Amino acid sequence: MNSQQTDEPLIERNVPLAEHTTFKCGGAADYAATPHSLQELRDALAFARMNELPVTVLGGGSNVLVSDRGVRGLVLFTRKLSSCHVRGELLCARCGLSLDKAINISIEHGLTGMELLGGIPGSVGGAVAGNTGVAGMQIGDLLEYVDYLTFDGAAHRLEVFPDMFPYRSSPFTGKNDRIIFEIGFRLAPTNQSSEARLRKEAARTRRKQAGQYDVPSAGCMFKNPSPAVSAGKLIDECDFKGKRLGGARVSPSHANFFLNPDHTATSRDIWMLSEQIRRAVLEKTGFALERELRLIGEWRDEDLRLDGNPS
């Protein structure tokens, strides 16, 4: 099955996934496709249906942990689905556009509202699926519509209303039969673009100064239990900041950031470190932390069995 826009095949076999994730670990995909258009996306889905393959979507590769055993079936990379246009106060972005670039484009067109998300890695599709947020705002608050495909290739539109995107969740969370294709962001017009750019760069700089994303990481491991209770603070109170297990490490500056500082961590190292911490926080504080990131691929019982202790 050939791409309509390049000479490269649309479907590839045995594709390593580590370099496609911000954690830089994990195994290979049985098959992978990088569609450039809606038609190619439908062609890839048709290949999966014809061969009875499960489908996994991978955007910017943030907020996911890919099994060391790899991913069975077809992985869809969305990074080439990255076009964007502005219609009045709507920023209409395809799912694979990077979140940081979407913010820059909005500011260039005199629109504001996304600046506090500056510096967060990943695609707009992934950000919407996980309802990324910071400092009291979340991306779901900015949405007008989300166009998505089901695995039969049919297109659908979700008109977004208040309360459809609760904290770190969305109508697409845990849904394996929907692929976000295009998002409409309802933003506010501004003639103070320079101030908006300064806000965006200030947010990006804060993350940089805090050491966020300097080394392989997927961002925050756990959701905050409530607006008043920080997961990072709970982990810090349990004395896990800077702790290591195998090649994985808790950030010494932000206890809810888990790192692969030497590029030697396995996905199992990262999962075990997070599970040791989750159990310790529950035992000491009574708070049951819930992970933000998604486990992707073939995870077996022995992969999730705990052994070793952080040091």
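Which residues in H2 are buried? They are Leu 99, Asp 100, Ala 102, Ile 103, Ile 105, Ser 106 and Ile 107. A heads-up before the close-ups: this is a predicted model.

**View 1. Helix H2 and what covers it.**
Here we zoom in on H2, which spans residues 99-108. The helix is mostly covered, with 7 of its 10 residues buried. Those buried residues pack against quite a list of neighbours: strand E6 (84-87), strand E7 (90-94), strand E8 (111-112), helix H3 (124-129) and H4. Just past the helix sits Gly 110, whose phi is positive at about 70 degrees.

**View 2. Helix H2 against helix H4.**
H4 covers residues 193-209, and its axis comes within 9 Å of the H2 axis, the two crossing at roughly 165 degrees. Angles over 145 degrees count as roughly antiparallel, so that is how H2 and H4 run relative to each other. The crossing of H2 past H4 is left-handed. On the H2 side, the residues in contact are Asp 100, Ile 103, Asn 104, Ile 107 and Glu 108. They meet Ser 193, Ala 196, Arg 197, Lys 200 and Arg 204 of H4. By type, the residues of this contact split into 3 nonpolar, 2 polar and 5 charged. Asp 100, Ile 103 and Ile 107 show up both here and among the buried residues of H2.

**View 3. Leu 91 in strand E7.**
Leu 91 belongs to strand E7, one of the elements that the buried residues of H2 pack against. Its relative accessible area is 0%, so Leu 91 counts as buried. Leaving out residues up to four places away in sequence, Leu 91 touches Cys 84, His 85, Val 86, Ala 102, Ile 105, Ser 106, Met 114, Ile 183, Gly 184, Phe 185 and Leu 187. Ala 102, Ile 105 and Ser 106 from that set are buried residues of H2. For a sense of scale, Leu 91 and Leu 259 lie 168 residues apart in sequence and 33 Å apart in space, C-alpha to C-alpha.

Ser 274 sits in helix H6, residues 267-285. With a relative accessibility of 1%, Ser 274 is buried, since the cut-off for that is under 20%. The side chains of Ser 274 and Arg 291 are joined by a polar contact of 3.1 Å. Apart from residues up to four places away in sequence, Ser 274 touches Met 221, Phe 222, Phe 258 and Arg 291.

**View 4. Asp 43 in helix H1.**
Helix H1 runs over residues 38-50 and includes Asp 43. Asp 43 has 18% relative accessibility, so this residue counts as buried too.

Lys 24 is a residue other than glycine, yet its phi is positive, near 60 degrees. Look for Lys 24 in the loop between strand E1 (11-16) and strand E2 (28-33). At 26% relative accessibility, Lys 24 is partly exposed. Asp 163, also not a glycine, has a positive phi near 75 degrees. The loop holding Asp 163 lies between strand E12 (155-159) and strand E13 (178-186). Asp 163 counts as exposed, at 77% relative accessibility.

Terms used: Residues are numbered from 1 along each chain as its sequence is written. This is a predicted model: local features need pLDDT of at least 70, side-chain atom pairs count only at pLDDT 80 or more; totals for chains, interfaces and linings use all residues. Side-chain values use heavy atoms; hydrogens and water are left out. Helices (H or I, at least four residues) and strands (E, at least two) are DSSP runs, numbered from the N terminus. Buried means under 20% relative accessible area, exposed over 50%, partly exposed in between (1.4 Å probe, protein chains only). A polar contact is a pair of N or O atoms within 3.5 Å; within protein, one must be able to donate a hydrogen and the other to accept it, and residues adjacent in sequence count only if both atoms are side-chain atoms. Contact means heavy atoms within 4.5 Å. Axes are lines fitted to C-alpha atoms, for helices over the stretch in contact, and angles run from 0 to 180 degrees between N-to-C directions. Angles under 35 degrees count as roughly parallel, over 145 as roughly antiparallel, 65 to 115 as roughly perpendicular and the rest as oblique. A crossing is left-handed if the near helix is turned anticlockwise from the far one by less than a right angle, and right-handed if clockwise. Ala, Val, Leu, Ile, Met, Phe, Trp, Tyr, Cys and Pro count as nonpolar, Asp, Glu, Lys and Arg as charged, and the others, Gly among them, as polar.
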